[in-house]
Amino acid sequence: MPMTERIVFQPYAWGKTKRGIAQLEPRTPIVCRSLDEARRRADKVARGETSMTGAHVVRMEVDEEAGDYGDAEIVQIVGDVPPLDG
């Protein structure tokens, strides 16, 4: 099967640890039909129209049948998100 483009909207929200310290937590990633759809979702987060505090829009090439995944490309970052280096 050939490689196909996958667009993922990864939202984040603030949560608390057992010690009561606020930290960013990933929410359920959403596979989008297009980059435009993912950007619309990110724009809603940026305008404060959701309960999410931030999001990454990620694009990658995948061949799920072969289990091959290309490098993820961060297309857009909005709001509060965890650092990319760790």
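Colleague: In which sense do S1 and strand S3 pair, and over how many bridges?

Modeller: First, some ground rules. This is a predicted model, where local features need pLDDT of at least 70, side-chain atom pairs count only at pLDDT 80 or more, and totals for chains, interfaces and linings use all residues. Residues are numbered from 1 along each chain as its sequence is written, and side-chain values use heavy atoms, with hydrogens and water left out. Now the terms. Strands (E, at least two residues) and helices (H or I, at least four) are DSSP runs, numbered from the N terminus. Two strands pair if DSSP finds at least two bridges between them. Here S1 and S3 (residues 30-32) pair in the antiparallel sense, over three bridges. In one of these, isoleucine 7 has cysteine 32 of S3 as its partner.

Colleague: How many bridges join S1 to S4?

Modeller: Nine, and these strands run antiparallel. Threonine 4 has valine 62 of S4 as its bridge partner.

Colleague: What do S1 and S2 form?

Modeller: They form a hairpin with five residues between them. Glycine 20, in the turn, has a positive phi of about 80°. S2 covers residues 22-26, and its antiparallel pairing with S1 has five bridges. Lysine 16 stands opposite alanine 22 of S2.

Colleague: In what order do the elements run?

Modeller: From the N terminus, the order is β-β-β-α-β-β-β.

Colleague: How far apart are the end C-alpha atoms of H1?

Modeller: The expected span of a helix is 1.5 Å times one less than its number of residues. For the 12 residues of H1 that gives 16 Å, and the end C-alpha atoms are 16 Å apart, which agrees. Just after H1, glycine 48 takes a positive phi of about 75°.

Colleague: Which residues of H1 are buried?

Modeller: Start with the cut-offs. Buried means under 20% relative accessible area, exposed over 50%, and partly exposed in between (1.4 Å probe, protein chains only). In H1 the buried residues are Leu35, Glu37, Ala38, Ala42 and Val45. They cover an arc of only 165° around the axis, so they lie on the same side of H1. That arc is taken from the directions from the helix axis to the C-beta atoms. The face turned away carries the exposed residues Asp36 and Arg40. Cover for the buried residues of H1 includes S1, S3, S4 and strand S6 (73-79).

Colleague: Which residues make up the largest nonpolar core?

Modeller: A nonpolar core is a set of buried Ala, Val, Leu, Ile, Met, Phe, Trp, Tyr and Cys residues joined through side-chain atoms within 4.5 Å. The largest has 10 residues: Ile7, Phe9, Cys32, Leu35, Ala38, Ala42, Val45, Ala55, Val57 and Val78. Strand S1 (4-16), helix H1 (35-46) and S4 each give two or more residues to this core. H1 gives the largest share, four residues.

Colleague: What is leucine 35 in contact with?

Modeller: Contact means heavy atoms within 4.5 Å. Leaving aside neighbours within four places in sequence, leucine 35 is in contact with Ile7, Val57, Arg59 and Val75.

Colleague: Is valine 58 buried or exposed?

Modeller: Valine 58 counts as buried because its relative accessibility is 11%. This residue lies in strand S4 (residues 54-63). Again leaving aside neighbours within four places in sequence, valine 58 is in contact with Arg6, Ile7, Val8, Ala72, Glu73 and Ile74.

Colleague: What share of the whole chain counts as buried?

Modeller: Of the 86 residues, 28%. The C-alpha trace spans about 45 × 25 × 20 Å along its principal axes.
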